[in-house]
Amino acid sequence: MKTSEQCWKRRADALLGVVASLILLAMMFLTVVDVVARYAFNRPLRGAFEVTELMLLVLIFAGLPLVSFSDEHATMDFIDRILGPRSQRWLEALVQLINTAFMFLLTWLVWLKADRIWGYRDSTDVLRIVYGPFVYFMAVTLGLAGLIHLYKIIERK
């Protein structure tokens with residue numbers, strides 16, 4: 001029988017996989033249409049690059065909590081080979097603690113940046129899409145990743 005955590009992870013994987021696929025498909029479609037319009041009709045899509053950049057931002061930061069939950073961050077495991085099981089557990093806990101601290105630090109810094117960006121309504125050049133909500137989204141996903149790392153520390157005890 002599967003635990004609720006495994007069930008939740010499977011559903012989150014499926015949902016984020018579908019969302020990521022749709023975003024990638026939209027980016028691909030937008031790029032193809034822009035290239036065809038640019039070279040066949042000499043009429044590029046207005047703001048296509050801006051929309052592609054924002055979709056990429058959403059794609060990357062939406063996946064960050066899932067990567068944290070699955071422990072799929074890039075790692076170097078050369079130290080693990082020389083440590084015993086107890087030392088490995090301590091090292092894993094230390095790494096989770098450092099990840100938690102950095103994610104929360106980044107959350108705070110990005111949130112402050114989002115406040116400033118929202119304050120002066122910074123936006124894209126062509127389509128005038130306001131950056132603020134996207135930067136707040138970045139801060140929220142960083143905070144969620146930090147909570148996941150904190151949960152992993154508490155769970156190990």
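**Figure 1. Thr124 in the predicted model, a buried loop residue.** Thr124 has a relative accessibility of 1% and therefore counts as buried, the limit being under 20%. The structure shown here and in the other views is a predicted model. Thr124 belongs to the loop that runs between helix 3 and helix 4. From its side chain, Thr124 reaches the backbone nitrogen of Arg128, at 3.1 Å. Thr124 can also be placed against Leu54: 70 residues separate the two in sequence, and their C-alpha atoms are 9.8 Å apart in space.

**Figure 2. Arg121, in the loop between helix 3 and helix 4**. The phi angle of Arg121 is positive, about 50 degrees, although Arg121 is not a glycine.

**Figure 3. Packing of helix 3 against helix 4**. Helix 3 spans residues 85-119 and helix 4 spans residues 132-156. Two packed helices are described by the angle between their axes and the distance between the axes. For helix 3 and helix 4, the angle is about 160 degrees and the axes lie 8 Å apart. The pair is therefore roughly antiparallel, since angles over 145 degrees are placed in that class. The crossing of helix 3 past helix 4 is left-handed. Sorted by class, the residues in the contact of helix 3 with helix 4 are 21 nonpolar, eight polar and five charged.

**Figure 4. Ile98 in helix 3**. Ile98 has a relative accessibility of 40% and counts as partly exposed. Asp80 stands 18 residues from Ile98 along the chain, and the C-alpha atoms of the two are separated by 17 Å.

**Figure 5. The salt bridge between Asp34 and Arg38**. The structure holds one salt bridge. Side chains of opposite charge can pair when their charged atoms come close. Here the side chains of Asp34 and Arg38 meet with an N to O distance of 3.2 Å, which is within the 4 Å cut-off for a salt bridge. Both residues lie in helix 1 (residues 4-40), where they are four residues apart, about one turn of the helix. Asp34 is buried, at a relative accessible area of 12%, whereas Arg38 is partly exposed, at 35%.

**Figure 6. Val19 in helix 1, shown with Ala62**. Val19 counts as partly exposed, with a relative accessibility of 34%. Along the chain, Val19 and Ala62 are 43 residues apart, and 9.1 Å separates their C-alpha atoms.

**Figure 7. Asn42, in the loop between helix 1 and helix 2**. Helix 2, on one side of this loop, covers residues 48-69. Phi of Asn42 is near 55 degrees, a positive value in a residue that is not glycine. The relative accessibility of Asn42 is 64%, so Asn42 counts as exposed, the threshold for that class being over 50%.

Key. Residues numbered from 1 in each chain as written. Predicted model: local features only at pLDDT ≥ 70, side-chain atom pairs only at ≥ 80, totals over all residues. Heavy atoms only, no water. Helix = DSSP H or I, 4+ residues; strand = E, 2+ residues; numbered from the N terminus. Buried < 20%, exposed > 50% of the residue type's maximum accessible area, 1.4 Å probe, protein only. Axes fitted to C-alpha atoms, helices over the stretch in contact; angles between N-to-C directions. Parallel < 35°, antiparallel > 145°, perpendicular 65-115°, else oblique. Left-handed = near helix turned anticlockwise from the far one by under 90°. Nonpolar A, V, L, I, M, F, W, Y, C, P; charged D, E, K, R; others polar. Polar contact = N/O pair within 3.5 Å; in protein donor to acceptor, adjacent residues only side chain to side chain.
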